[in-house]
Amino acid sequence: MGLFSKKIGPVFCKETSDTGIFISKMQMLLERTDGEIKKKIEKQINMARYGEIGENNIAYELKNSGMDMYILHDIYLEINGLSAQIDYIVITRQHIYIIECKNLIGNIEVDNSGAFIRTYELSGRRVKEGIYSPITQNQRHMQVLKEVRLSAKGNFVSRMLFEKHFTETYKPIVVLANPKTCINYKYAKREIKEQIIRADQLIAYIKGQDAESAVKSANMSVDEMSRLAQFYLSKNNPMRSDYARKYEEMAGEAAMSMQTEEPVPSNDGREEIIRRLKAFRLEQSRQEKIKPYYIFNDAQMVDLIEKSPRTKEELLKISGFGNVKVEKYGNKILEILSK
């Protein structure tokens with residue numbers, strides 16, 4: 001760092017997480033449900049809360065690092081059909097760190113093939129299970145982030161230089177946030193070991209990586225760091241995040257569980273419209289390999305029949321029907337309603 005370089009310390013460009021919003025929404029949903037769906041929602045809330053604790057542990061370490069860095073928490077990126085929910089993007093003068101937080105219960109073993117095995121106690125018995133590799137998860141995040149940044153490069157030369165130096169500049173890290181978790185990776189390959197650290201080792205790791213690179217390459221200026229942080233912040237789309245999708249799924253299940261078998265009085269020929277709408281919904285869900293209520297749930301079907309839209313503009317006014325749904329299903333729905 002130059003003698004007159006401006007000191008900024010850690011700066012959070014986005015500190016809040018969609019987790020808190022998700023938990024609040026799920027708690028409201030919990031009050032309107034019972035039975036199995038209520039148990040599912042309670043499980044989702046508990047998992048989200050546990051993950052939030054781990055992310056808060058990392059936030060504490062970053063805030064107290066004393067380093068010049070820009071920090072973005074819980075960023076959702078999407079491009080060309082690919083998506084990534086990134087726990088932290090940390091931009092220092094030397095690197096951009098992509099952090100995947102894991103607040104796991106139990107102990108972790110990583111074998112020589114890179115597989116992650118978790119062992120924990122449950123109701124007095126020892127459970128051993130494989131878990132999805134956070135290294136693989138972070139690799140997918142890196143690819144999405146790379147594609148998003150490449151899309152903003154205006155010419156061939158800038159794209160070529162970015163790709164050439166990408167792996168030197170962007171560093172994936174898996175951070176184990178639970179201080180009680182022990183990790184055994186003595187048989188893991190070196191490139192795997194180098195990406196897994198504990199929360200209390202995070203700042204020392206970042207300082208070490210930056211110090212090593214400072215000898216070889218120039219520092220980013222504060223303005224460059226800020227512009228990069230603002231770029232990724234501008235690409236964040238919380239409405240499409242994993243939390244948003246999970247809430248929509250659970251809300252759909254809750255709506256289905258509260259429906260009667262026949263939501264609309266079967267008079268004035270409406271039973272035929274109900275039958276046709278349900279048949280269309282079922283056929284479409286099978287084609288797309290999704291649950292039927294993703295297309296429209298029974299409550300929305302009631303609204304369709306009662307308001308009987310005749311155009312796509314009128315259909316957009318129905319709750320749950322945005323531009324994407326109207327473009328995909330609008331013509332068929334309008335055709336059914338017109339009969």
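Author: Welcome! The model here is predicted.

Reader: Thanks! Why are helix 3 and helix 7 called roughly perpendicular to each other?

Author: The axes of helix 3 (residues 134-150) and helix 7 (residues 222-234) cross at roughly 105°. That value lies in the range 65 to 115, and therefore the two helices are roughly perpendicular. Their axes come within 11 Å. Leu145, Val148 and Arg149 of helix 3 make the contact with Leu228, Phe231 and Tyr232 of helix 7. By class, five of these residues are nonpolar, none is polar and one is charged.

Reader: Now Thr19, please. What makes Thr19 buried?

Author: Buried means under 20% relative accessible area, and Thr19 has 0%, so Thr19 is buried. Thr19 sits in helix 1 (residues 18-30). Beyond its neighbours within four places in sequence, Thr19 touches Ala48, Glu52, Glu55, Asp74 and Tyr243.

Reader: What makes the pair Thr19 and Tyr243 a polar contact?

Author: A polar contact needs N or O atoms within 3.5 Å, one able to donate a hydrogen and the other to accept it. The side chains of Thr19 and Tyr243 make such a contact at 2.9 Å.

Reader: And the sheet: why do strand 1 and strand 10 stand at the edges?

Author: Six strands form an open sheet in the order 1-2-3-4-8-10, with mixed pairing. Strand 1 (10-14) and strand 10 (196-198) each have a single partner strand, so one side of each lacks a neighbour in the sheet. From one strand to the next, the twist averages 35°.

Definitions and conventions:
Residues are numbered from 1 along each chain as its sequence is written. This is a predicted model: local features need pLDDT of at least 70, side-chain atom pairs count only at pLDDT 80 or more; totals for chains, interfaces and linings use all residues. Side-chain values use heavy atoms; hydrogens and water are left out. Axes are lines fitted to C-alpha atoms, for helices over the stretch in contact, and angles run from 0 to 180 degrees between N-to-C directions. Helices (H or I, at least four residues) and strands (E, at least two) are DSSP runs, numbered from the N terminus. Angles under 35 degrees count as roughly parallel, over 145 as roughly antiparallel, 65 to 115 as roughly perpendicular and the rest as oblique. Contact means heavy atoms within 4.5 Å. Ala, Val, Leu, Ile, Met, Phe, Trp, Tyr, Cys and Pro count as nonpolar, Asp, Glu, Lys and Arg as charged, and the others, Gly among them, as polar. Buried means under 20% relative accessible area, exposed over 50%, partly exposed in between (1.4 Å probe, protein chains only). Two strands pair if DSSP finds at least two bridges between them.
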